[in-house]
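Open the model in your viewer and keep the selection tool at hand. We will walk through it stop by stop, with a note on what to select each time.

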Amino acid sequence: MNMFKAECRNKAGFSLIETLLVLALMGMFVGAILINVVSMFRGSAMDELEGQLWIAIDKGKQTAVFQQRRVTLSYDKEEIALILSGGSSMERFDLAHEEEGEIRIIFNEQLPDNSRYLIGGNVVTEREIEKVVFYPDGTCTPFLVTLEFGDYRSSFQIDPWTGNQIVPEVKEQ
């Protein structure tokens, strides 16, 4: 009997603390990988929504120029879709996505002459507009657009003469 106890003590193995330490490290690595994978898929969903928005903006510019009529672009919150309408025609760009998260598109315009208003303790330099108008001469309403999807938010300003994104100036230090 004493020989059996001696043999068991001489066998090499991992202690409970070593095993728990390895499991904790593996859990941290798996957690870090999962967080990166989820954010990668959310980022691609945001890119897809932004792509749909640019398709609608380009289609609005083209339709206004080629058909020589005003075309409006608006966002339908209930249907989660961009609506492009002009005259008797209407085109719809569905934005509904499989991933969870509320989708919002907000069109804003700068206040005239770079005005600033103090509303509720906040300085306001822009106001929300319901729709953007594309004109037959190739111009559009000057506007800013904000795209929100879950925790992600993307905002950019549109040049009224070209209908393209205005790249913000980088201030050198």
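**Start at a hairpin turn**

Select G163 first: in the hairpin of β10 and β11, which has six residues between the strands, G163 takes a positive phi near 75°. The strands named here, like the helices, are DSSP runs numbered from the N terminus (helices are H or I with at least four residues, strands are E with at least two).

Before moving on, note that this is a predicted model, in which local features need pLDDT of at least 70 and side-chain atom pairs count only at pLDDT 80 or more, while totals for chains, interfaces and linings use all residues. Residues are numbered from 1 along each chain as its sequence is written, and side-chain values use heavy atoms, with hydrogens and water left out.

**Along the paired strands**

Now colour strand β11 (residues 165-166), which runs antiparallel to β10 and is joined to β10 by two bridges. Two strands pair if DSSP finds at least two bridges between them. Click on I158: its bridge partner in β11 is Q165.

Next, show β9 (residues 143-149) together with β10 (residues 152-158); they pair in the antiparallel sense over seven bridges. Where does a glycine take a positive phi in the hairpin of β9 and β10? Select G150: its phi is positive, near 60°, and this hairpin has two residues between the strands.

A salt bridge here is a side-chain nitrogen of Lys or Arg within 4 Å of a carboxyl oxygen of Asp or Glu. E148 is buried, with a relative accessible area of 14%, whereas R153 is exposed at 59%. For these words, buried means under 20% relative accessible area, exposed over 50%, and partly exposed in between (1.4 Å probe, protein chains only).

How many salt bridges does the structure hold? The count is seven. For another of them, select K59 and E91, whose side chains meet at 3.8 Å, N to O. K59 lies in helix α2 (residues 16-67) and E91 in strand β3 (residues 89-94), so this pair ties together parts that are 32 residues apart in sequence. K59 is partly exposed at 32% relative accessibility, and E91 is partly exposed at 31%.

Then select E109 and R127, which meet in a salt bridge of 2.4 Å, N to O. This pair links distant parts of the chain, with E109 in strand β4 (residues 103-110) and R127 in strand β7 (residues 126-129), 18 residues apart. E109 counts as buried at 16% relative accessibility, while R127 counts as partly exposed at 45%.

**Aromatic rings**

Switch to the ring side chains. A pair of aromatic rings is described by the distance of the centres and the angle of the planes. Rings of Phe, Tyr and Trp (its six-membered ring) pair if their centres lie within 6.5 Å; planes under 30 degrees apart count as stacked, over 60 as edge-to-face and the rest as tilted. By this rule there are two aromatic pairs.

Select W54 and F156 to see a stacked pair, 5.3 Å centre to centre with 15° between the planes. W54 is in helix α2 and F156 in strand β10, 102 residues apart. W54 is buried at 18% relative accessible area, and F156 is buried at 5%.

Now go to F107 and F143: their ring centres are 5.8 Å apart and their planes are at 80°, so the pair is edge-to-face. F107 lies in strand β4 and F143 in strand β9, so the pair ties together parts that are 36 residues apart in sequence. F107 and F143 are both buried.

**Last stop: outward-facing residues**

Is V123 buried or exposed? Select V123 in strand β6 (residues 122-124): V123 is exposed, with a relative accessible area of 58%. Leaving aside neighbours within four places in sequence, V123 is in contact (heavy atoms within 4.5 Å) with R116, Y117 and L118.

Finish with L23, which has its place in helix α2 and counts as exposed at 51% relative accessibility.
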